[in-house]
Amino acid sequence: MGIYELLPGDVVHLGIGDQVPADGLFISGFSLLVNAASLTGESEPIPVNGDNPFLLSGTKVQDGFGRMLVTSVGMRTQWGKLAAALGEAGDDETPLQVKLNGVADVIGRIGLFFAALTFLVLISQKLQQGPFMSWTGDDALEVLNYFAIAVTIVVVAVPEGLPLAVTLSLAFAMKKMMNDRALVRRLSACETMGSATCICSDKTGTLTTNRMTVVKVFVCGGVKQVGSPEEARRARSEIPKPTMEALLQAIFSNTSGEVVLNKEGGGFEILGSPTEASLLSFAMSLGGELLSEKLVKVEPFNSTKKTMGVVIELPGGGFRAHRKGAAEMVLASCDRVVDPAGDSVPLDDGTRRRLERAIESFSDDALRTLCMAYREVDGGFCVEDRIPEEGYTCIGIVGIKDPVRPGVKNSVAVCRSAGITVRMITGDNVNTARAIAEECGILTEDGVVIEGPDFRRKTEEELLELVPKLQVLARSSPLDKLTLVRHLRSACKQVVAVTGDGTNDAPALREADIGLAMGVCGTEVAKESSDVIIMDDNFSTIVNVVKWGRSVYVNIQKFVQFQLTVNVVALIVNFSSACLTGEAPLTAVQLLWVNMIMDTLGALALATEPPRDELLKRAPVGRNGSFISNAMWRNIAGQSLYQFIVIWFLQAEGKELFQLSGPHADLTLNTLIFNTFIFCQIFNEVSSRDMEKIDVLAGLLDNSVFVGVLSCTVVFQIVIVQFLGDFASTTPLDLQQWIACVLIGFLGMPVAAAVKFIPPDFVEAALHRRRR
């Protein structure tokens, strides 16, 4: 019958290779091992028996057989709940989009207000010159020019360059992140990562290599490190030859894995469970060769005895039994042990206690312990005979772990210095999770470790107190990560990044502000639900994503600072001049050119600034942080004040300063004001490269886009002033006047540097006193 016809209460027979069709309970069976990697992301198979009777749909039977009572089908299964959670839409707007919408709205309203006020002032002054009915065609054209100035003020004020700056910065970061092994699937994810305050990371495959490895072995009375090829070669030279032969024989003969030679490549491939593969790989690193002895009888792994055994026929005659399994179980069947000389000696109480302490030490280091033993079978052996269960000689104890990826500890430390909390969520037991978290540097003294069942029993009030301190969530169910992410976003108001590789991670990846899926070991469902795919499955790559995200955020801040400075000066100068003199010093065409510099070219220059390592030493902005910082307000105020004073001084004293006279004096003065204003913006653009540091020229020549934009701006400005007089309402200037304009603009850089000596907190204190 088809799986779609299953109903709760049905009994399903499961065998090796079957996919579990529904959620259910184990009824009976033998050595049933289930691979739940597609659901949980954990590579180690799960034994299903009376102590752990739960079977989940979508998992696969790797070994043994059994019968299952169906309890849930369809959308009521764990797989169905995950699919339903994937269909729930999250918040589409990123934290930066929310902030930029507010900034753009305020700027637009201010621009509209000043434009309307400027137009009304100009019209009222025109009405004072004569009644409306007496206006001629020239008067009507003058009013039309007033309206054009008002519209231009609106055009200048409305930040239409913001989307361009954001898109350019995101596209530039996206391209560069590809070189850092991060594939961006959603463009806005680049900047969202810069605001992240929390990273909820999976353990297997992200923090660890997802490859079980033998790292320690207790043999001949001592512990030897064998995690690297160099350590394995050193251990081989230290272990006596008879002991080495027995150890290799125990591994190659008593295994459910297989070593397959690759005839084309000349290497070998190891097949089997992660634990068996780690043992076989360890034996190959010791120089072991494939099995040549004949297998007489095999007793597969028994979940009750937690051991497996074989009997082999030796080449010189006779039989030998090998036993492998849980260290405590195998050690209990041993009455002898291999001593430092490689001889089999009686196992006394002192040596037994030493072996037990080694097992405890390995367990404390989050190692999976296996003990290997052998015994000679006297009197012959046939297939019908039972494999002996007593009288074994202990060869040694191996410690197996999923090693932490190189560089993870440093990356976690960088995240902590950047103000980002890293939380580990895993399906492993609490002891393993705690040990890995301590090794990675995730678990601190005040951190909390909790298991999934306890986490699910917490009330909302208890979660509010627990979650900020939570650093490790062990034995988590597929939906625990989703619950944690939702609580962090809604109750704690944090910007959450989630890493994952399994199908169970998909809902959390989609719910998070930014989902980071693993590209190598990740499932297709996880990748489709993510915003960024980490191509090398390395946590260190996530730190690079954070750095690029913060670079995008800061670059957009630089652009907004630059744009607001131009806005403030242009609006105040035109408005005040219109009120006092009846005309605006900057014409519509000139304001449009200013708008071109401010929006398009400014966005292109400032949005392509590369990231700096100092970005990871700052605290994250978060969800409720202010987009326009105190440092930005300080820089805007200082630069706007300087430019406003310069423009007004030129309007009042410009003719006398430059000794202008004759019918073209006003046109020349306005051209000088326009030219000075443009060069103020050019040098202000350079000053905006860093909002806090004095040295803004560092790395300037390395950014070819920035240099190219400044060069184009200067060339176009020369063309407009010298050759487009009628169109732009300008007149050609002589060399001295050009030098004066450039010098006045350049003086804005020392002013910007001096302003940066004012602490940003001083601005906040001043604003607070004003509000009071």
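Eight is the count to start with: this predicted model holds 8 aromatic pairs. A pair of aromatic rings is described by the distance of the centres and the angle of the planes. Two of these pairs are followed here.

Take Phe-119 and Phe-147. Phe-119 belongs to helix H3, residues 95–129. Phe-147 belongs to helix H4, residues 137–157. The pair therefore ties together parts that are 28 residues apart in sequence. How exposed are the two rings' residues? Phe-119 has 22% relative accessibility, so it counts as partly exposed. Phe-147 is also partly exposed, at 45%.

The second pair is Phe-172 with Trp-548. It is edge-to-face too, with 6.1 Å from centre to centre and 65° between the planes. Here the link spans distant parts of the chain. Phe-172 sits in helix H5 (residues 161–179), Trp-548 in helix H20 (residues 539–581), and 376 residues separate them. Trp-548 has 8%, which is under the 20% limit, so Trp-548 counts as buried.

An aromatic ring also meets a charge. The charged end of Arg-689 sits over the ring of Phe-706, at 5.6 Å from the ring centre.

Now turn to empty space. Rolling a probe the size of a water molecule over the atoms shows where empty space is left. Searching the whole structure gives 2 cavities of 30 Å³ or more.

The largest cavity has a volume of about 150 Å³. Its lining counts 15 residues. Nearest its centre lie Lys-558, Arg-612, Leu-615, Arg-618 and Asp-690. What classes make up this lining? It has 8 charged, 5 nonpolar and 2 polar residues.

The second largest cavity holds about 70 Å³ of space. Which elements give two or more residues to its lining? They are H20, helix H22 (630–658), helix H23 (665–687) and helix H27 (748–755). H22 gives the largest share, 3 residues. Among the lining residues are Gln-561, Thr-565, Asn-635, Gly-638 and Gln-639. Asn-684, Ser-687, Ser-688, Ala-752, Val-755 and Lys-756 line this cavity as well. By class, the lining of the second largest cavity has 8 polar, 2 nonpolar and 1 charged residues.

Methods: Residues numbered from 1 in each chain as written. Predicted model: local features only at pLDDT ≥ 70, side-chain atom pairs only at ≥ 80, totals over all residues. Heavy atoms only, no water. Phe/Tyr/Trp six-rings, centres within 6.5 Å; stacked < 30°, edge-to-face > 60°. Helix = DSSP H or I, 4+ residues; strand = E, 2+ residues; numbered from the N terminus. Buried < 20%, exposed > 50% of the residue type's maximum accessible area, 1.4 Å probe, protein only. Lys NZ or Arg CZ within 6 Å of the ring centre and 35° of its normal. 1 Å grid on protein atoms, 1.4 Å probe; cavity = no way out; pocket = protein on both sides within 12 Å on 5 of 7 lines; lining within 4 Å. Points joined across faces, edges and corners; volume = space filled by probe spheres on them. Nonpolar A, V, L, I, M, F, W, Y, C, P; charged D, E, K, R; others polar.
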